[in-house]
Structures are given as structure tokens and as C-alpha cells.
Amino acid sequence: FKLVKNTIDSRQDTEHVPSDKRILFLEDDPPEDLDTEAITYEIDIRVPGSMSQGPAGSGGHREVRPSLRSIRQDPDLPGHKLLEMGREYDQIVTFYCYARTPNVALNRALWLEKLFDSFSWYFRFYNFRVIENQISKKESIKIGNLKLIRYPVSYNVRTDDIYYINQQELRELAINTYISRT
């Protein structure tokens, strides 16, 4: 979500949005005194990654244990190897675009869609594959006395959690071949 925040800030910088008109990006519902637009987020589902071919989220076998991705010499420790291990996860993440009117909320949802498209390279650089799922029907909600409209925008997100294990190579093997005849 930090990467999403970075893209939203970057786009608003490019669009020269004044600081008092910037979109709030929050995990929780927007505050009751909202005087600008807001985008919130939540993870709907997080499961081990599907290893089958086909569209995102389609069944098949899941990667329930980390798997070996690569082995290479450790550049800092001679005689050691670095094992790269990883495990993929599939998530469905929903972003809610809030505004006071339906038109503004829908325009913000479409803006977010274009934002994700134009920054797909950025997410991929950090091992996130982001595929749009859908923009759902508008929802009317009330926070305190504030009536807002929101559009849910959901994405399938695949992450690859990578970690490294340092392993020392076998230095010496001593075998005693003495056979006794008794």
C-alpha cells in the first residue's frame, strides 16, 4: 500500500494538485469532516499463489511452501552459497473511491484505474503483478452526518515473498575405508 500511496502522490505532484485538495489515502473509512476526496483499501482475500495456468484466481495447485528460486555464490563470503527462496501469494484488494457526488466518485475510480495502468512497471519492479478485476456498483454510505458516495475498484494482486538463506559449502569429507577381517 506504500507503493500505491507513492503513485498517488506522484500523480498529484504531476497534476499540480494543491496540498489542501489532495486525495486522502487511508486504511479506515474517511473522517466525518471530509472536505476532499478519499481512497481507502482493504484486502478481501490472501491465499497461497495458484501454480496452474489460466486467468488470475482460477483454481489449480497452490504454492503452500516456499520453493527454491536460485542458487549462487555468496559475493561477500567465499565458500558460501546464497539460496533464494520464494512463495507467491494471490490477493484480491479493493480500493474505495469516496466523494460527495456520484460523478466525482466515478471519475476518481476511473482516474485510479488509469493510475494503476500507467504505474504497472513500478509495481512489477517490486514483485507485484496487479491486474484489474472490476469497478463495482456505486454505494451510498453515511459517516456520522456526512453522506458520501463510493465506488469499489478491485484488483487481483500477486506478490512474491523472497528471502535468502546462506549455506556453507562442504569443505572436506573424510571417509574411513578400513575394513577389519576378524
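Reply: A salt bridge here is a side-chain nitrogen of Lys or Arg within 4 Å of a carboxyl oxygen of Asp or Glu. This is a predicted model, where local features need pLDDT of at least 70, side-chain atom pairs count only at pLDDT 80 or more, and totals for chains, interfaces and linings use all residues. Residues are numbered from 1 along each chain as its sequence is written, and side-chain values use heavy atoms, with hydrogens and water left out.

Me: How many salt bridges does a search of the whole structure find?

Reply: The search finds nine salt bridges. One of them joins Arg108 to Glu37, with 2.7 Å between the closest N and O atoms. Arg108 sits in helix H2 (residues 102-118), while Glu37 is in the loop between strand S1 (24-26) and strand S2 (38-48). The two residues are 71 apart, so the pair links distant parts of the chain.

Me: What counts as a helix or a strand?

Reply: Both are DSSP runs, numbered from the N terminus: helices are H or I with at least four residues, strands are E with at least two.

Me: Back to that pair. Is Arg108 buried or exposed?

Reply: Arg108 counts as buried because its relative accessibility is 15%. Glu37 is buried too, at a relative accessible area of 16%. Buried means under 20% relative accessible area, exposed over 50%, and partly exposed in between (1.4 Å probe, protein chains only).

Me: Which residue does Asp160 meet in a salt bridge?

Reply: Asp160 meets Arg69, at 2.7 Å from N to O. Asp160 counts as buried at 18% relative accessibility, whereas Arg69, at 30%, counts as partly exposed.

Me: And which residue meets Arg158?

Reply: The side chain of Arg158 meets that of Glu88, 2.9 Å from N to O. Since Arg158 lies in S7 and Glu88 in S4, the pair ties together parts 70 residues apart in sequence. Salt bridges with shared partners also join Glu88, Asp90, Arg129 and Arg158 into one network. Arg158 is buried at 16% relative accessibility, and Glu88 is buried at 17%.

Me: S7 keeps turning up. Which residues does S7 span?

Reply: Strand S7 covers residues 146-168. Strand S4 (residues 80-99) pairs with S7 in the antiparallel sense over 20 bridges, and in that pairing Leu82 stands opposite Asn166. Two strands count as paired if DSSP finds at least two bridges between them.

Me: How many bridges join S5 and S7?

Reply: Seven, again in the antiparallel sense, with S5 made of residues 128-135. Glu132 stands opposite Tyr155 of S7. Strand S6 (residues 139-143) also pairs with S7 in the antiparallel sense, over five bridges. There Ile141 faces Leu148 as its opposite residue.

Me: What is between S6 and S7 in the hairpin?

Reply: Two residues separate the strands, and Gly144 in this hairpin takes a positive phi near 65°.

Me: Which residues other than glycine have positive phi?

Reply: His16 is one of them, with phi near 55°. His16 is in the loop between helix H1 (2-14) and S1, and counts as exposed at 69% relative accessibility. Asn127 is not a glycine either, and has a positive phi of about 65°. Asn127 lies in the loop between helix H3 (120-125) and S5, and at 35% relative accessibility is partly exposed.

Me: New topic: surface charge. Which residues gather in a patch of positive charge?

Reply: Lys137, Lys138, Lys142 and Lys147 form that patch on the surface. Lys147 lies in S7 and is exposed, at a relative accessible area of 56%. Patches take residues with over 30% relative accessible area and no salt bridge, with like charges joined within 9 Å, and nonpolar side chains (Val, Leu, Ile, Met, Phe, Trp, Tyr) within 5 Å. Lys and Arg count as positive and Asp and Glu as negative, with His and the chain ends not counted. A charge is placed at NZ of Lys, CZ of Arg, CG of Asp or CD of Glu. Accessible areas come from the Shrake-Rupley method with a 1.4 Å probe, and for residues only the protein chains shown count as cover.

Me: Which residues form the negative surface patch?

Reply: Asp20, Glu32, Asp33 and Asp35 form the negative patch. Glu32 is in the loop between S1 and S2, and counts as partly exposed at 44% relative accessibility.
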